[in-house]
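Subject: Model handover

Hello,

Please find the model below, with notes on what turned up when I went through it.

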Amino acid sequence: MNRLSWFNAVSLTLGFAFLYIPMIILIIFSFNESKLVTVWAGFSTKWYGELLQNEAFLDAAWVTVRVAVFSSTLATILGTAAAYVLVRGGRFFGRTLFSGMIYAPLVMPEVITGLSLLLLFIGIGLDRGILTIVLAHTTFSMCFVSVVVSSRLVTFDRSLEEAALDLGCSAAQAFRLVTLPIIAPAVISGWLLAFTLSLDDLVIASFTSGPSATTLPIKIFSAVRLGVSPEINALSTLMIAVVTVGVITASLVTKRAMMRQKQDEMAAARAE
Amino acid sequence: MHLFPDSRTGAVLNSDVFAPWDDPQAKPLIQFQNVTKRFGDFTAIDTLSLDIFEREFFALLGPSGCGKTTMMRMLAGFETPTEGHILLGGQDIDPIPPNKRAVNMMFQSYALFPHLSIWENIAFGLRRDKMPKPDLEARVEEMLRLTRLEQFARRKPHQISGGQRQRVALARSLAKAPKLLLLDEPLGALDKKLRQDTQFELMDIQEKTGTTFVIVTHDQEEAMTVASRVAVMDQGKLMQVATPDKIYETPNSVYVADFIGDVNIIQGRATANGGETFQIDWAEGQAPLTATSASGISTGQTCHLAIRPEKVAISAERPADAINAVQGKVLDIAYLGNLSTYHVELPNGTIIKAQTANTRRISRRSFTWEDPVWLSWTATAAVLLAD
């Protein structure tokens with residue numbers, strides 16, 4: 001192992017400090033005994049206990065999870081279908097326009113997306129609640145799914161689909177039995193991306209949520225405006241923990257699958 | 001069956017060799033009828049007609065971009081002709097989608113389904129036909145035996161070697177017992193030694209199953225080895241369709257002669273010399289060459305003489321009875337182990353290749369660089385081709 005030069009060591013320290021110091025401070029103060037956020041008064045887990053008693057936070061968390069699950073599932077279905085048509089549909093009238101337009105929401109300011117959705121929901125007389133948040137999140141996250149899935153489809157060996165057709169599949173069967181299982185990792189990561197986007201969205205949700213449904217980010221944001229409480233710190237720490245565990249698990253699973261595939265291929269090469 | 005003798009028995013009655021294409025009674029399995037295929041402005045196939053018979057091992061041979069893959073994709077149903085029709089067993093198959101055709105294809109990349117085991121890959125097509133379970137299992141086992149893959153049945157495609165993957169692809173495409181099997185450069189990904197073994201295996205399997213095979217290849221040696229007939233293609237047209245020996249010994253054009261194997265081409269002017277014999281004046285101050293041709297070539301016509309290097313003899317003295325003999329000096333020697341090819345430069349700069357079998361050890365070789373030598377060949381050795 002090479003030793004780091006002092007320049008590299010300093011760069012590394014500065015970079016990581018920049019990224020993680022705010023989060024570390026937040027985690028430390030979530031275990032603070034004192035009600036004052038910036039004054040350390042000893043270790044305690046009481047804020048976590050109080051958090052579990054707080055109905056409003058628990059309700060908001062439950063709304064957020066439901067919205068994320070529904071909207072990411074819907075976005076995955078729509079985004080995968082869009083990606084499939086744009087990559088595989090051949091040349092049809094307006095294809096270039098459509099493939100450009102599907103990426104537009106990626107660069108669209110969230111405020112504008114939120115506002116236009118709000119106007120739409122008012123226009124068609126849809127009461128704001130969970131349904132409107134789900135629809136809004138689906139709208140802005142499906143283009144992310146479509147980007148992830150289409151980048152996989154571009155490198156997908158077309159002859160696999162042709163082989164399925166040749167062996168007696170209809171186009172729908174070929175997609176279900178061959179294409180989908182092979183692109184599944186991309187579809188799943190698209191779903192995860194949409195899920196995360198929905199979890200931490202504040203801007204669009206605040207336009208489209210109603211009094212009947214509030215998501216966790218909105219709840220936290222409005223609570224903080226009245227002053228940061230250690231309870232918020234505890235909640236944020238829990239969210240960080242969930243995300244960290246999720247990311248580590250996902251990367252371990254991928255790494256193990258890759259290692260197994262590599263071993264198999266080496267064994268096959270030896271057998272040759 | 002007694003009332004309708006099929007093409008094969010018809011041919012067999014006439015002679016002992018399998019040659020339905022010579023039998024006017026034989027009904028072709030596949031008929032291309034004036035087929036044209038265009039992609040935008042590009043004409044991939046140009047008003048092409050071709051008959052392929054049952055149980056044939058038919059090779060489509062040509063350089064890349066000659067249209068051979070398009071022919072195959074039209075047979076599989078992935079492309080439809082722009083004009084003309086393709087008939088399979090007398091039925092126009094143009095409107096039939098690939099999944100409804102009794103045609104299967106072995107893909108160049110093998111296109112094995114990576115998420116399924118070898119067993120499931122082979123069973124894939126049978127499952128689509130809703131074949132009953134005991135029959136399906138028996139059929140898959142039979143295919144595994146045929147391709148000697150029994151011990152790999154439970155593995156995934158990435159867990160086996162390239163040669164084994166090739167056999168899985170073959171087993172999968174044969175499992176549905178298609179009327180016609182299409183093979184797209186099936187051996188392209190294998191190394192030379194494995195390729196040669198696999199060629200014989202393919203021929204063996206074709207004979208055992210009695211399936212009609214159409215193979216696409218750019219490797220002329222492969223086409224010659226496996227095929228009952230070879231079609232040489234260029235720019236969307238058929239240049240010649242014949243048995244491998246006819247393609248090699250009596251090519252009908254300079255293109256075919258040059259594409260198949262090694263050849264010396266000498267351009268000259270023909271003079272009829274009675275019967276089928278012609279004199280060819282080919283260079284100033286050189287004696288005319290003698291060649292025979294059954295096809296009509298008129299006096300004064302520009303023509304090409306195609307001579308295979310192995311039909312040119314090389315000697316130190318002028319052979320006494322040689323009909324065609326020219327003198328030159330050895331420019332280069334390509335030593336191939338079993339054979340040596342001598343590149344001999346004639347006084348006018350023409351280079352002629354002569355090939356000899358190395359029946360002696362190399363230290364006893366008769367000629368070396370810069371040696372003056374005589375090249376000679378018989379009147380029937382060369383093929384005379386009109387311009």
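The notes below go from the chains as a whole down to single residues.

The model is predicted, so please read everything here as computed from predicted coordinates.

Overall layout

Chain B has 387 residues, of which 38% are buried. Its C-alpha trace spans about 80 × 50 × 50 Å along the principal axes. The secondary structure of chain B consists of nine helices and 20 strands. Of the contacts in chain B between residues at least 6 apart in sequence, 63% join residues at least 24 apart.

Domains

Chain B is assigned two domains: domain 1 covers 7-102 + 178-254, and domain 2 covers 262-386. Taken over C-alpha atoms, the centres of domain 1 and domain 2 of chain B are 34 Å apart. Four residues from domain 1 of chain B and five residues from domain 2 of chain B make the contact. On the domain 1 side of that contact in chain B, two residues are nonpolar, two are polar and none is charged.

Chain A is also assigned a domain 1 (53-227) and a domain 2 (241-272). In chain A the C-alpha centres of domain 1 and domain 2 are separated by 27 Å.

Contact between the chains

Between the chains, 22 residues of chain B touch 21 residues of chain A. On the chain B side, the elements that supply two or more residues are strand 6 (103-106), helix 3 (118-128) and helix 5 (162-174). Helix 3 of chain B gives the most, with three residues. By type, the chain B side that touches chain A has 10 nonpolar, 10 polar and two charged residues.

Nonpolar cores

The largest nonpolar core holds 105 residues, and those touching the most other members are Ala59(B), Leu75(B), Leu182(B) and Val214(B). Leaving aside neighbours within four places in sequence, Leu75(B) is in contact with Ile30(B), Ile86(B), Val103(B), Leu180(B), Leu182(B) and Val214(B). Apart from this core lies another, of 37 residues, with Trp47(A), Ala75(A), Val145(A) and Val187(A) among them. As background, nonpolar side chains tend to be buried together in soluble globular proteins.

Strand 16 of chain B and its partners

Strand 16 (residues 324-335) of chain B pairs with strand 19 (residues 372-377) of chain B, antiparallel, through six bridges. In that pairing, Gln327(B) is opposite Trp374(B) of strand 19. Strand 16 of chain B also pairs with strand 17 (residues 339-345) of chain B, again antiparallel and over six bridges. Here Asp332(B) is opposite His343(B) of strand 17. The hairpin of strands 16 and 17 of chain B has three residues between the strands, and Gly337(B) in this hairpin takes a positive phi near 95°.

Leu331(B) belongs to strand 16 of chain B. Leu331(B) counts as partly exposed because there are 14 C-beta neighbours inside 10 Å, and a residue needs 20 or more to be buried. Leaving aside neighbours within four places in sequence, Leu331(B) is in contact with His343(B), Val344(B), Glu345(B) and Ile351(B). The C-alpha atoms of Leu331(B) and Asp371(B) are separated by 8.5 Å, although these residues are 40 apart along the chain.

An open sheet in chain B

Five strands of chain B form an open antiparallel sheet in the order 13-12-11-14-20. Strand 13 (289-292) and strand 20 (383-386) of chain B are at the edges, each with a single partner strand, so one side of each has no neighbour in the sheet. The twist from one strand to the next averages 45°. Strand 14 (residues 302-307) of chain B is joined to strand 20 of chain B by four bridges, and the two run antiparallel. Cys303(B) has Ala386(B) in strand 20 as its bridge partner.

Most residues other than glycine have a negative phi. Two residues to look at here are Lys130(B), with phi near 55°, and Glu370(B), with a positive phi of about 70°. Lys130(B) is in the loop between helix 3 and helix 4 (133-146) of chain B. Glu370(B) is in the loop between strand 18 (351-357) and strand 19 of chain B. Lys130(B) counts as exposed because it has 8 C-beta neighbours inside 10 Å. Glu370(B) is classed as exposed because its count inside 10 Å is 8 C-beta neighbours.

Regards

Conventions: Residues numbered from 1 in each chain as written. Chains lettered and ligands numbered in written order. Domains from an automatic or database assignment. Contact = placed C-beta atoms within 7 Å. Nonpolar A, V, L, I, M, F, W, Y, C, P; charged D, E, K, R; others polar. Core = buried A, V, L, I, M, F, W, Y, C linked by C-beta atoms within 7 Å. Buried ≥ 20, exposed ≤ 12 C-beta atoms within 10 Å, placed from the backbone. Pairing = 2+ DSSP bridges. Axes fitted to C-alpha atoms, helices over the stretch in contact; angles between N-to-C directions.
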